[in-house]
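Trainee: I would like to go through the charged pairs and the helix packing here. Can we take them one by one?

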Amino acid sequence: NRTDPRSYYEKGLHDVVRYHVSMTSSAKFPDRDATSTMDRKLYLVWAQANTSAGYRYSVEARPGSQSLQGKVASISVAWTNYGSAAATEQWAPGYKLVDFSGAVVRSLPATVNLKALVHDDSSQSREEAVPASSDESVHIDLTGLAPGHYTLCASVDWQQHKPGASHVVNYAPMALARDGRDGSGLYPIATLDLPRDATKPANGQ
């Protein structure tokens, strides 16, 4: 209803959340060409609609979930989407184990399906996106690694490549909805201290 700005913006917010809108624009935006400052209450509704649209993934290790059995370390990891929609492009989540010098010594794919990580409850009218989470266990083979301090990092890499394309386009890893991103797009999620005896062969040699 264009005669009732409050209802207009509230409907926009509800539709973004309910129908999993991926992107918003300024088309038919009533205040786009206004000569006066937008009403603050309306602005907050408009801003919430924009920040709720699309995906906002994050990843964390579950506290206390880390274990070490023989030469295999296990960590429970939670992926969460705080946005109202899921990614539609081919983004590949995964993990990298980094040693004390910053070198990647292990690379492992994640099993989480980012495209399915979205809260689906279109029967209700909501004013904010409901986070959707998925847990998985990461198992890291430590065979051959020197004792020392390691960091498990997560990243989501761009894989939207067309077969046989004449020009390959790559994007930087996805920016996640959390702090800690390093220069290569990795996010540290857990630390691992590998004791000396953990690297010994099973026969003790």
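Trainee: Is D135 buried, partly exposed or exposed?

Mentor: This is a predicted model. The relative accessible area of D135 is 45%. Buried needs under 20% and exposed needs over 50%. So D135 is partly exposed.

Trainee: Which residue forms a salt bridge with D135?

Mentor: The cut-off is 4 Å between a side-chain nitrogen and a carboxyl oxygen. Here the closest N and O atoms are 3.0 Å apart. The partner of D135 is R62.

Trainee: How many residues apart in sequence are the parts that R62 and D135 tie together?

Mentor: R62 lies in the loop between β1 (57-61) and β2 (67-69). D135 lies in strand β6 (residues 132-141). So the pair ties together parts separated in sequence by 73 residues.

Trainee: How far apart are the closest N and O atoms of K96 and D157?

Mentor: K96 is partly exposed, at 22% relative accessibility. D157 is partly exposed too, at 23%. The two form a salt bridge, with a cut-off of 4 Å. Their closest N and O atoms are separated by 3.9 Å.

Trainee: Which strands hold K96 and D157?

Mentor: The pair ties together parts that are 61 residues apart in sequence. K96 sits in residues 91-98 and D157 in residues 148-158. So the strands are β4 for K96 and β7 for D157.

Trainee: Which residue does R6 pair with in a salt bridge?

Mentor: R6 has a relative accessible area of 36%, so R6 is partly exposed. The closest N and O atoms of its salt bridge are 2.7 Å apart. Both partners lie in helix α1 (residues 5-18), four residues apart, about one turn of the helix. The partner is E10.

Trainee: Are α1 and α2 roughly parallel or roughly antiparallel?

Mentor: α1 and helix α2 (residues 40-52) pack with their axes 9 Å apart. The angle is about 15 degrees. Angles under 35 degrees count as roughly parallel. Therefore α1 and α2 are roughly parallel.

Trainee: How many nonpolar residues are in the contact of α1 with α2?

Mentor: On α1 the contact includes Y9, L13, V16 and V17. On α2 it includes L42, V45, W46 and A49. By class, the contact of α1 with α2 has two polar and three charged residues, and its nonpolar residues number nine.

Trainee: What is the handedness of the crossing of α1 and α2?

Mentor: The angle between α1 and α2 is about 15 degrees. The crossing of α1 past α2 is left-handed.

Technical notes: Residues numbered from 1 in each chain as written. Predicted model: local features only at pLDDT ≥ 70, side-chain atom pairs only at ≥ 80, totals over all residues. Heavy atoms only, no water. Helix = DSSP H or I, 4+ residues; strand = E, 2+ residues; numbered from the N terminus. Buried < 20%, exposed > 50% of the residue type's maximum accessible area, 1.4 Å probe, protein only. Axes fitted to C-alpha atoms, helices over the stretch in contact; angles between N-to-C directions. Parallel < 35°, antiparallel > 145°, perpendicular 65-115°, else oblique. Left-handed = near helix turned anticlockwise from the far one by under 90°. Contact = heavy atoms within 4.5 Å. Nonpolar A, V, L, I, M, F, W, Y, C, P; charged D, E, K, R; others polar.
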